[in-house]
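Dear colleague,

I am passing on the structure that we spoke about, together with some notes on its contents. Please look through it with the notes at your side.

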Amino acid sequence: LERISDLDDAQNLSDTISRFLQPVSKELWTEVVRKVVVTLAGSGVPRGSRIWWCPTSFLTSLPFHAAGYSKNWLINYYVSSYTPTLSALISARQADCEPSSPRILVVAQTTKSGLKQAAAELQEMQKLDSYGGCLDEEEATPALVARHLQLYDWAHFICHGTAADDPFDSHLHLYGESRLTLNDITKLH
C-alpha cells in the first residue's frame, strides 16, 4: 500500500512538472535553441555531436537540454552538456588529453537529508573506477569540501541544493545547516 502511495505521489509530481515545463521547453526551443541548432548545422557540426551550454544569471536554471516540442527536440539533434564557465570547460578538455583517468570526489548527506536513495547512490558511485573518495555527513563541511574539491578532477554531490535570486548565493546543503555557495566554489582553483 505504501508503494502505491509513492507511485501516486511520483505521478502527481510528474504531471505537475510536465504542466509547467512544457511551455518553458517550447519557448526555449523557439527563442534560443532552434537558432543554435540551425547555426550549428549550417556550420557543419554533425548531428549527434556534444554541445556545451554555458548559461549565466537566471538562465542557469533553465533546462536547455530538454528544449523542444512536438517533433522538434534538441535531443534529436545534439547531446547537451553544461559547464559553469568557459575556463572550466577548457581545463576539463586539457585534462581529457592526459592519460590518467579522472578521480571523482563524492560529497554526500546520506542519512539526515531526506533523500531516500542517497545511500544507494553513494554505493553505486563507490563502484566506479574513477571513484576517488567521499566526504559524508559530518565530514561534509564547507571548509573541508572546498579543500578537497581542489584535489579532485570531478565532484558528485548527493545532497539538496537551493537556487537563489542572486546566482552566487545558490548553494548546496551540507552537514548540519551549513552551506557551500556558488560564490565559495568560484573562488577555488
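The notes below go from the chain as a whole to its pockets, its rings and its backbone.

Please bear in mind that this is a predicted model, in which local features need pLDDT of at least 70 and side-chain atom pairs count only at pLDDT 80 or more, while totals for chains, interfaces and linings use all residues. Residues are numbered from 1 along each chain as its sequence is written, and side-chain values use heavy atoms, with hydrogens and water left out.

The chain has 5 helices and 10 strands, taken as DSSP runs numbered from the N terminus (H or I, at least four residues, for helices; E, at least two, for strands). Of its 189 residues, 26% are buried, where buried means under 20% relative accessible area, exposed over 50%, and partly exposed in between (1.4 Å probe, protein chains only). Among the contacts with a separation of 6 or more, 68% join residues 24 or more positions apart, a contact being heavy atoms within 4.5 Å.

The largest pocket has a volume of about 2300 Å³, and of the 50 residues that line this pocket, T83, P84, A88, L182 and I185 are the closest to its centre. A pocket here is an open set of points on a 1 Å grid over the protein atoms alone, where a 1.4 Å probe fits, with protein on both sides within 12 Å along at least five of seven lines; lining residues have an atom within 4 Å of a point. Grid points are joined across faces, edges and corners, and the volume is the space filled by probe spheres set on the points. Helix α2 gives the largest share of the lining, 7 residues, and the elements that each supply at least two residues include β4 (79-82), β7 (154-158) and α5 (182-186). By class, this lining has 26 nonpolar, 20 polar and 4 charged residues, with Ala, Val, Leu, Ile, Met, Phe, Trp, Tyr, Cys and Pro counted as nonpolar, Asp, Glu, Lys and Arg as charged, and the others, Gly among them, as polar.

The second largest pocket has a volume of about 190 Å³, and Q109, S113, H173, L174 and G176 are the closest to its centre among its 13 lining residues. Its lining has 3 nonpolar, 6 polar and 4 charged residues.

There are 2 aromatic pairs, for which rings of Phe, Tyr and Trp (its six-membered ring) must have centres within 6.5 Å, with planes under 30 degrees apart counted as stacked, over 60 as edge-to-face and the rest as tilted. W29 and Y77 are stacked at 5.9 Å centre to centre, with 25° between the planes; because W29 lies in helix α1 (residues 2-42) and Y77 in the loop between β3 (72-73) and β4, the pair ties together parts 48 residues apart in sequence. W29 is buried at 5% relative accessibility, whereas Y77 is partly exposed at 21%. The rings of W53 and F64 are also stacked, with centres 4.8 Å apart and planes at 20°, and both residues are buried.

Two residues other than glycine have a positive phi: S70, near 50°, and E137, near 50°.

With best wishes
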